[in-house]
Amino acid sequence: MNKFLVSLFLLFFSLTAHSQVIRIATGEYAPFCSSSAKHFGFVSHVITEAFAREGHTVEFDFLPWKRALHQTANGEYDATSWWVYNEERAVNFLFSDTVVTNSVHFFYVKAHNYDFGWKQVSDLNDYRIGFTRGYFYSQALTDYKEKNPERFDVVNTDEQSFKRLMLKRIDLFPVNVVVGLELLRTKFGPNVIHQVSYHPRPLSSKEGFILFPKNKAGAEKIQKTFNAGLAKLKADGTYEQMLENLLSGYYSK
């Protein structure tokens, strides 16, 4: 009996000794990550479950996006979630395997633009476009905005742009398709969501990653640990179920 208890204690000690609390800086971008969402949103849920598969727990701090990136780069956090790739970030961070794909589409009111279609940004010359301050949608749209600033209506939040879309103060509004539908569902209701559509052609489609600060000791090990847990989620179907939950509005309920 004593040998059994000793063995049990050693097993428990071994597991807890290797267990780690992973501190992650993130921001508000429902339903992907939000302090008010179920499981803190889809991406946060994926992160939590991926690390759990490897025996670790996660703590999230919700910060302004620039601050989350800056403080993680300084080594104050183990990781920051979630970001698309660019060369500037690659200088300071290691990237995880792909966690989510960010597809941005143009939303419009059916009655206002029932024949809206586009193939390239030059096809947008007849439209006034909403733009949320601080967001990067695509290089093509950024270049177009610099040459045609009068065609853009810049506000602080996606919700403001949707309100302006309904009032016909803008004609088009680019936003992540899941985020857009979630916002319409939670802030505007069924009477509005049925009036709005989005063009099937994405303005941009980019992979999203978890970033690990290169200057923090153990960052590469944590990166590999997360990737291993994420691979398990995808292999056993858990990730696919989470994705279905995301599209059904589960994370906002």
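**Figure 1. Trp82 and its cis peptide bond in the predicted model.** Trp82 lies in strand β3, in a model that is predicted. The peptide bond that runs from Ser81 to Trp82 is cis, and its omega is near -15°. Strand β3 covers residues 79-84 and is one of the elements that supply at least two residues each to the lining of the largest pocket.

Figure 2. Strand β1 spans residues 21-26, and helix α2 spans residues 42-53. Pro31 is located in the loop between β1 and α2. Ala30 and Pro31 are joined by a cis peptide bond, for which omega is about 5°. His39 is also in the loop between β1 and α2. Although His39 is not a glycine, its phi is positive, at about 60°.

**Figure 3. The largest pocket and its lining.** The largest pocket holds about 1000 Å³ of space. Its lining comprises 31 residues, and those nearest the centre of the pocket are Trp83, Arg89, Gly134, Tyr135 and Phe136. At least two lining residues come from each of the helices α3 (65-73) and α4 (87-92), and likewise from each of the strands β3 (79-84), β5 (100-109), β8 (173-176) and β10 (204-213). Helix α3 gives the most to this lining, with four residues. By class, the lining of the largest pocket has 16 nonpolar, seven polar and eight charged residues.

**Figure 4. The second largest pocket.** The volume of the second largest pocket is about 450 Å³. It is lined by 19 residues, with Tyr29, Ala30, Ser34, Leu183 and Lys187 closest to its centre. Of these, Ala30 is also a partner in the cis peptide bond with Pro31. Helices α6 (158-166) and α7 (177-188) each contribute at least two residues to the lining of the second largest pocket. The largest contribution is that of α7, with five residues. The lining of the second largest pocket divides into nine nonpolar, five polar and five charged residues.

**Figure 5. Packing of α6 against α7.** The axes of α6 and α7 come within 11 Å and cross at roughly 75°. This angle makes α6 roughly perpendicular to α7. On the α6 side, the contact involves Asp158, Glu159, Phe162 and Lys163. On the α7 side, Val179, Gly180, Leu183, Leu184, Lys187 and Phe188 take part. The contact of α6 with α7 consists of five nonpolar, one polar and four charged residues. Leu183 and Lys187, which meet α6 here, are also among the residues closest to the centre of the second largest pocket.

**Figure 6. Packing of α2 against α10.** Helix α2 (residues 42-53) packs with helix α10 (residues 238-248) at an angle of about 160°, and their axes are 10 Å apart. At this angle α2 is roughly antiparallel to α10. Residues Phe42, His45, Val46, Glu49 and Arg53 of α2 meet Thr238, Tyr239, Met242, Leu243 and Leu246 of α10. By class, the contact of α2 with α10 has six nonpolar, two polar and two charged residues.

**Figure 7. Packing of α2 against α9.** Helix α9 covers residues 219-235. The axes of α2 and α9 are 7 Å apart, and the helices pack at an angle of about 100°. The two helices, α2 and α9, are therefore roughly perpendicular to each other. From α2, the contact is made by Val46, Ile47, Glu49, Ala50, Phe51 and Arg53. From α9, Ile222, Thr225, Phe226, Gly229, Leu230, Lys232 and Leu233 take part. The contact of α2 with α9 has eight nonpolar, two polar and three charged residues. Val46, Glu49 and Arg53 of α2 contact α9 and are also among the α2 residues that meet α10.

Conventions: Residues are numbered from 1 along each chain as its sequence is written. This is a predicted model: local features need pLDDT of at least 70, side-chain atom pairs count only at pLDDT 80 or more; totals for chains, interfaces and linings use all residues. Side-chain values use heavy atoms; hydrogens and water are left out. On a 1 Å grid over the protein atoms alone, a cavity is a set of points where a 1.4 Å probe fits but cannot get out, and a pocket is an open set with protein on both sides within 12 Å along at least five of seven lines; lining residues have an atom within 4 Å of a point. Grid points are joined across faces, edges and corners, and a volume is the space filled by probe spheres set on the points. Ala, Val, Leu, Ile, Met, Phe, Trp, Tyr, Cys and Pro count as nonpolar, Asp, Glu, Lys and Arg as charged, and the others, Gly among them, as polar. Axes are lines fitted to C-alpha atoms, for helices over the stretch in contact, and angles run from 0 to 180 degrees between N-to-C directions. Angles under 35 degrees count as roughly parallel, over 145 as roughly antiparallel, 65 to 115 as roughly perpendicular and the rest as oblique. Contact means heavy atoms within 4.5 Å.
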